[in-house]
Amino acid sequence: MKAHHQGLLGLALTLLVAPFFFRRRMRVFRRVFIAAPPETIFAYLQNLRNWPLWRQWNRRTASPHFSYSGPASGAGAAQTFETNSRRGTLRVVTSEPNDHLAYAIDFDEGGPRYEGILALRRVRRGTWVRWVLKWEGQPQPPLRYADLWRMARLGWQMAADLEALRRLSETALPASADGLPGEPNGP
């Protein structure tokens with residue numbers, strides 16, 4: 001019985017001390033290969049009105065409402081989103097056509113500021129899309145376990161979003177001259 005108590009005490013101490021060694025700057029990374037040129041993919045990224053087409057969050061969240069401000073695409077473009085439980089703004093920080101798009105998300109009720117970048121790299125048969133999302137973790141070590149959960153949840157969401165972007169881009173006609181994607185091929 002005594003060994004059992006020592007084991008529990010050791011586990012409790014480990015759980016209490018471990019968060020002091022967790023990184024404060026949290027980072028999630030995902031990537032996908034898409035059999036489409038960067039121009040086709042970037043059309044879905046550069047115009048925030050296209051994000052609901054491939055972002056899974058938009059499908060899971062009950063009745064999201066979007067409004068837009070700034071330019072239609074590129075640096076300064078903004079999407080304000082509102083659901084029953086949250087409100088925030090996604091703003092494009094930098095945009096280099098067919099290369100990368102960097103953005104920031106701020107929530108009205110506080111919480112971490114997310115900084116993301118979607119980078120495209122042309123290869124022989126398509127494009128690698130790399131998505132990195134960063135935020136400042138919890139200042140109190142015991143609360144850093146919530147950041148670990150957030151990393152897992154966001155990683156799963158990002159993977160699903162990239163898969164949706166892949167399907168959308170691989171079934172789309174090339175982007176038109178105005179930068180918007182063509183209509184999907186077939187049903």
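A: E163 is partly exposed, with a relative accessible area of 28% (buried means under 20%, exposed over 50% and partly exposed in between, using a 1.4 Å probe and protein chains only). This is a predicted model, in which local features need pLDDT of at least 70 and side-chain atom pairs need pLDDT 80 or more, while totals for chains, interfaces and linings use all residues. Numbering starts from 1 along each chain as its sequence is written, and side-chain values rest on heavy atoms, without hydrogens or water.

Now look at what E163 touches. It makes a salt bridge with R166, where the closest N and O atoms are 2.4 Å apart (the rule asks for a side-chain nitrogen of Lys or Arg within 4 Å of a carboxyl oxygen of Asp or Glu). Side chains of opposite charge can pair when their charged atoms come close. E163 and R166 sit three residues apart in helix 5, which covers residues 144–170, so about one helical turn separates them (helices are DSSP runs of H or I with at least four residues, strands are runs of E with at least two, and both are numbered from the N terminus). R166 is partly exposed too, with a relative accessible area of 21%.

E163 has another partner in R167, and this salt bridge spans 3.6 Å from N to O. R167 and E163 are four residues apart in helix 5, again about one helical turn. Why does such spacing bring side chains to one side? An α-helix has 3.6 residues a turn, so residues three or four places apart point the same way. R167 is partly exposed at 43%. Salt bridges with shared partners tie E163, R166, R167 and E170 into one network.

Stepping back, nine salt bridges are counted by this rule. One of them pairs R113 with D106, with the closest N and O atoms 3.0 Å apart. Both ends of this pair are partly exposed: R113 has a relative accessibility of 41%, and D106 has 34%.

Of its 187 residues, 39% count as buried. Helix 2, residues 38–46, is mostly covered, since eight of its nine residues are buried; among them are I41, F42, Y44 and L45.

Helix 3 covers residues 51–54 and contains P52, which is partly exposed at 23%. P52 and F66 are 14 residues apart along the chain, and their C-alpha atoms are separated by 9.3 Å.

Next come some residues in and between the strands. T89 belongs to strand 4, residues 87–96, and is buried at 17% relative accessibility. The loop between strand 3 (78–82) and strand 4 contains N84, which is exposed, with a relative accessible area of 77%. In the loop between strand 4 and strand 5 (100–107) you will find N98. It is not a glycine, although its phi is positive, at about 60°, and it is partly exposed at 31%.

R27, R31, R121, R130 and K134 form a positive surface patch. Patch members have over 30% relative accessible area and no salt bridge, with like charges joined within 9 Å and nonpolar side chains within 5 Å. Strand 1 (25–34) and strand 7 (126–136) each give at least two residues to this patch. K134 is one of the patch residues, lies in strand 7 and is partly exposed, at 33%.

Methods: Areas by Shrake-Rupley, 256 points an atom, 1.4 Å probe, with all protein chains shown as cover. Lys, Arg positive; Asp, Glu negative; His and termini not counted. Charge placed at Lys NZ, Arg CZ, Asp CG, Glu CD.
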